[in-house]
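The exercises below are meant to be worked with the sequence and the structure open side by side. Try each task before reading its solution.

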Amino acid sequence: MQPIFIYCFDAYCGWCFGFSPVIKKIWLDYRQRFDFEVLSGGMILTEKPVHISVTAPYILQTYKNVEAATGITFGEDFLWHIKNPGDSDWYPNSKKPSIALCIFKEYFPEQQVAFATDLQYALHVEGRDLCDDEAYRHLVIQYNIPEKEFFEKLHSDIYKENAYYEFALVKQLKITGYPCLLLQLSELKLHLLTNGYTDYHNLAQKINSVLEENHLQKI
C-alpha cells in the first residue's frame, strides 16, 4: 500500500487550529511522496443543541494558552462570541463541518489538509458559524465547487453517514485527543507521530526517525 499520513482533528478544536500551520507545512513537504487523509473526530456531538455559553468560560481560559504555545492568533470576530456569550447565537456542533469535509474530499482529495485548515480559519479567525450553511459559501467559491450541488450534498443523508463513519473510524483508532497525526506504512504498521500539539521541528524529527527505522528515505 501507499504510505499515508492520517490526520485526526475537529473543526472546533482550538489546539487543532494552533496546529494548522504545522500540518499544512508537513503536507507541503511530504505530499509528493505520501498520501494524506484527514478524518473528523466529532468532538462536539449533542442530541440537543448546546449554546456557546456552556463552553465559553473554558475557551476564554484556554485560548491564550494555545496562542502562547503555538504562535497562532485567534480572531476578534471569533473571540466576540466567547467574550459575549449572552449575545451570541452559536450552538457549536461538529457534524456540519465534518460533512462539508467529506463532500470536499470527493472534489479535491489531494487538498483535504488545506480545506481542513481553511475550516478552522473560517471559525477561529473570521468568526463564521460552522453550523450555518453560509459559513461555507466563500470556500465553495474559492475552490470553484458547484454551489447548488455542494449545498444539496450538505443536507444529504449519504454524506452525513460518511461523516459518522469517520467519527467511528477515529474511535476505532483509539484516538484520545486532537490534533493527532499517524503515519501508516503498511497494513500492519501504524505509527503515532503526535497526540496533541507538537511544533514543526519536533514533528519533522519524529517523522524522519520513523522513516529511518523503516529504511525509507528521509526528507
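The crossing of helices α1 and α9 is right-handed, in a model that is predicted.

**Exercise 1. The packing of α1 and α9**

Determine at what angle α1 and α9 pack, and which residues of the two helices meet.

Solution. Begin with the axes: α1 and helix α9, which spans residues 200-213, pack at an angle of about 40°, and their axes are 10 Å apart. That angle makes α1 oblique to α9. Next, list the contacts, in which Phe19, Val22, Lys25, Ile26, Asp29 and Tyr30 of α1 meet Tyr200, Leu203, Ala204, Ile207, Asn208 and Leu211 of α9. Sorting these residues by class gives 9 nonpolar, 1 polar and 2 charged residues.

**Exercise 2. The packing of α1 and α2**

Describe how α1 and α2 cross, and sort the residues in their contact by class.

Solution. Helix α1 covers residues 14-30 and helix α2 covers residues 56-70; their axes come within 9 Å and cross at roughly 20°. The two helices are therefore roughly parallel, since angles under 35 degrees count as such. The crossing of α1 and α2 is right-handed. On the α1 side the contact is made by Gly14, Trp15 and Gly18, which meet Asn65, Val66, Ala69 and Thr70 in α2. By class, this contact has 3 nonpolar and 4 polar residues, and no charged residues.

**Exercise 3. Two buried side chains**

Decide whether lysine 153 is buried or exposed, and do likewise for leucine 182; then name the residues that each one touches.

Solution. Lysine 153 lies in helix α7, residues 147-154. With a relative accessible area of 17%, lysine 153 is buried, because buried means under 20%. Not counting residues up to four places away in sequence, lysine 153 touches Ile99, Ile103, Glu106, Tyr107 and Tyr159. Leucine 182 is found in strand β3, residues 180-186, and counts as buried at 5% relative accessibility. With the same exclusion of residues up to four places away in sequence, the contacts of leucine 182 include Ile4, Phe5, Ile6, Cys8, Leu173 and Ile175.

**Exercise 4. Backbone features in the loops**

Locate the cis peptide bond, and state where asparagine 144 and lysine 174, each with a positive phi, are placed.

Solution. The cis peptide bond joins tyrosine 178 and proline 179, with omega at about -5°, and proline 179 lies in the loop between α8 (157-172) and β3. Lysine 174 also lies in the loop between α8 and β3; its phi is near 65°, and lysine 174 counts as exposed at 69% relative accessibility. Asparagine 144 is placed in the loop between α6 (137-142) and α7. The phi of asparagine 144 is near 60°, a positive value in a residue other than glycine, and asparagine 144 is exposed, with a relative accessible area of 67%.

Technical notes
Residues numbered from 1 in each chain as written. Predicted model: local features only at pLDDT ≥ 70, side-chain atom pairs only at ≥ 80, totals over all residues. Heavy atoms only, no water. Axes fitted to C-alpha atoms, helices over the stretch in contact; angles between N-to-C directions. Helix = DSSP H or I, 4+ residues; strand = E, 2+ residues; numbered from the N terminus. Parallel < 35°, antiparallel > 145°, perpendicular 65-115°, else oblique. Left-handed = near helix turned anticlockwise from the far one by under 90°. Contact = heavy atoms within 4.5 Å. Nonpolar A, V, L, I, M, F, W, Y, C, P; charged D, E, K, R; others polar. Buried < 20%, exposed > 50% of the residue type's maximum accessible area, 1.4 Å probe, protein only.
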